[in-house]
Amino acid sequence: MSATPPANRRRRSGARAVGATAVLVASALALSGCVQSQRTESGNGGGSVNSTFVFAASSDPKTLDPAFASDGESFRVSRQVFEGLVGTKPGTADPAPLLAESWKTSADGLTNTFELKKGVKFQDGTAFNAAAVCANFDRWYNFKGIQQSENLAYYYTSLFKGYKDKPQNAVYKSCTASGDNQATVTLAKPFAGFIASLSLPAFGMQSPTAMQKYSANTVAGTADSPQLSEYAKGHPVGTGPYKLDKWDVGQQIELSSYDGYWGDKGQVKKIIFRVIDDANARRQALESGSIDGYDLVAPADTQSLKNKGMKVIQRDPFNILYLGFNQAKKELKDVRVRQAIAYAIDKDALVKQTLPEGTKVANQFVPESVNGYNKDVTTYPTDKNKAKELLKEAGYPNGFTIDFNYPTNVSRPYMPTPEQTFTNLSAQLAEVGIKVNPKPLKWSPDYLDKVQGTADHGIHLLGWTGDYNDTDNFVGVFFGHEKPEFGFTNQSLFDELTKARGVSKLEQQTPLYEKINDDIMKYVPGIPLAHPAPSLGFASRVESYPASPVQDEVFNEIKLTS
């Protein structure tokens with residue numbers, strides 16, 4: 001998931017934080033009896049396994065229409081209700097067949113023909129077929145007005161670039177149905193990540209019947225404050241293993257097993273996503289037995305949960321935590337200063353002292369599993385003396401003072417404890433004479449707005465969780481065009497990334513990205529720090545959970561013991 005979409009979290013401090021947490025914990029404990037009642041009512045299907053699964057969400061989803069979603073909580077629900085043409089191989093970020101059993105891509109990368117799974121129906125009884133596939137593609141392409149804004153169609157806008165009313169920028173051209181079971185999608189320009197991108201929940205297949213009946217395309221309000229359609233608030237219809245029962249905003253979402261599902265229905269027959277917006281309250285709810293699991297376990301809580309008989313499961317790292325440089329600041333314009341900061345940082349110490357077990361040190365802006373990862377990339381091993389020499393050459397023999405922006409009261413998969421990361425890095429920079437002005441801000445909207453939308457910031461902490469396995473989804477996002485976050489124009493780099501994005505053959509694309517990754521590290525627009533391993537916590541009755549590096553986790557695959 002991207003760093004850009006806002007997370008609905010609030011900053012709390014002092015006694016108010018304790019009080020708020022206490023209320024949340026008390027509420028979670030009070031709900032325990034209600035949870036047990038709901039589990040009993042749902043039944044065990046004649047077996048011994050309790051078939052209701054309660055998962056703590058950090059917030060409500062933004063919307064139940066995945067085409068207009070970009071946040072993790074929306075996508076967690078979407079993955080239960082909707083399926084795409086393409087899924088992921090279990091435990092990886094690599095594309096795999098889902099509603100499309102196979103596909104063929106033309107040599108020029110422009111024509112993609114999908115052979116569809118037969119006999120699949122949407123949860124409202126509508127047949128899933130090639131016409132439905134084309135209806136979805138044409139729906140996205142025909143978005144208008146505020147529907148095209150990044151606050152709504154974030155992923156389509158980011159990846160497909162243009163719409164029917166702006167065809168000069170568009171990647172998509174047309175979709176043709178050949179009978180019921182074959183759909184051909186034609187692109188206007190090559191997009192090497194096209195197939196992999198279809199694994200995103202934003203491109204899940206939705207019932208054309210339900211979208212029309214409940215006015216899915218009727219979006220009111222403004223781009224900054226859109227009003228959800230009737231469909232997005234209460235009538236999402238996909239082909240997935242679960243269907244929506246009800247959404248009590250601010251409280252919980254309830255899903256139940258879809259009887260007509262084409263695949264394995266699994267042990268979990270009812271899902272409750274309970275909203276608990278405080279991390280400590282989520283942990284205590286798990287310990288009390290009122291929930292079965294939650295995401296983003298704090299590193300400090302991992303061993304404590306294990307000691308109490310809970311299970312902690314790690315996702316494989318598919319993300320990047322970085323220290324960004326805003327070259328609009330005079331000191332940071334000088335590459336020698338940026339190199340000096342790189343030499344000043346001891347990444348091993350940072351990982352050991354502040355990040356969860358399983359975290360890997362980063363030496364470039366892509367994980368090792370992504371195409372174009374360069375084993376011979378330019379690196380900056382810790383060397384305090386080298387850092388001081390470079391600062392002296394740049395005209396700062398006594399160092400300098402710079403703003404250090406970091407978020408507070410938030411936990412992200414790539415940045416579980418930003419305050420600790422800030423403290424650790426600040427101390428390391430002080431050793432070479434670089435002093436920092438701490439600039440803490442609450443995550444959303446303040447921090448993201450300042451760092452990503454203005455020039456009023458210095459060095460800063462941010463990161464990215466990959467959406468699918470494609471190099472452009474990392475370095476293209478960061479450095480594909482001019483951005484206020486980094487404050488530089490490097491047309492040569494921009495052109496290199498545009499060229500690589502359009503190369504359809506992997507063997508031709510790989511050396512391009514290997515060079516790009518090395519060019520980036522020579523230019524040093526920021527410092528890749530680590531690939532943290534996010535953790536989930538579960539009750540002891542969870543025998544296995546389908547942990548995915550891109551969070552492609554569908555609950556019919558959960559195995560329970562009681």
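# Helix packing and salt bridges in a predicted model

In helix H11, Arg 336, Val 337, Gln 339, Ala 340, Tyr 343 and Ala 344 meet Lys 384, Lys 386, Ala 387, Leu 390, Leu 391 and Glu 393 of helix H13. The structure described here is a predicted model. H11 covers residues 335–344 and H13 covers residues 384–393; the two pack at an angle of about 165°, and their axes are 8 Å apart. The two helices are therefore roughly antiparallel to each other. Their crossing is left-handed.

Asn 424 belongs to H14, which runs over residues 418–430. With a relative accessible area of 9%, Asn 424 is buried. Apart from neighbours within four places in sequence, Asn 424 is in contact with Ala 349, Leu 350, Gln 353 and Thr 354.

Helix H18 can be checked for its length. At 1.5 Å a residue, its 18 residues (506–523) should span 26 Å, and the C-alpha atoms at its ends are 25 Å apart, which agrees. The buried residues of H18 are Gln 509, Thr 510, Tyr 513, Ile 516, Asn 517, Asp 518, Ile 520 and Met 521. These buried residues pack against helix H16 (475–479), helix H17 (491–501) and strand E20 (526–531). Just after H18, Val 524 takes a positive phi of about 55°.

Salt bridges are the next topic. The count for the model comes to 22 salt bridges.

| Residue | Partner | Closest N and O atoms |
|---|---|---|
| Arg 76 | Asp 295 | 3.3 Å |
| Asp 472 | Arg 501 | 3.1 Å |
| Lys 515 | Asp 519 | 2.7 Å |

Arg 76 forms a salt bridge with Asp 295. Arg 76 lies in helix H2 (residues 72–81) and Asp 295 in strand E13 (residues 293–295), so this pair ties together parts that are 219 residues apart in sequence. Both Arg 76 and Asp 295 are buried. They also belong to a network of salt bridges that links Glu 73, Arg 76, Asp 295, Arg 315 and Glu 553.

Asp 472 forms a salt bridge with Arg 501. Asp 472 sits in the loop between strand E19 (459–465) and H16, while Arg 501 is in helix H17, so the pair ties together parts that are 29 residues apart in sequence. Asp 472 counts as buried at 10% relative accessibility. Arg 501 is buried as well, with a relative accessible area of 13%.

The salt bridge between Lys 515 and Asp 519 lies within H18. Being four residues apart in that helix, Lys 515 and Asp 519 are separated by about one helical turn. Lys 515 is partly exposed, with a relative accessible area of 48%.

Terms used:
Residues numbered from 1 in each chain as written. Predicted model: local features only at pLDDT ≥ 70, side-chain atom pairs only at ≥ 80, totals over all residues. Heavy atoms only, no water. Expected span 1.5 Å × (residues − 1). Buried < 20%, exposed > 50% of the residue type's maximum accessible area, 1.4 Å probe, protein only. Contact = heavy atoms within 4.5 Å. Salt bridge = Lys/Arg side-chain N within 4 Å of Asp/Glu carboxyl O. Axes fitted to C-alpha atoms, helices over the stretch in contact; angles between N-to-C directions. Parallel < 35°, antiparallel > 145°, perpendicular 65-115°, else oblique. Left-handed = near helix turned anticlockwise from the far one by under 90°.
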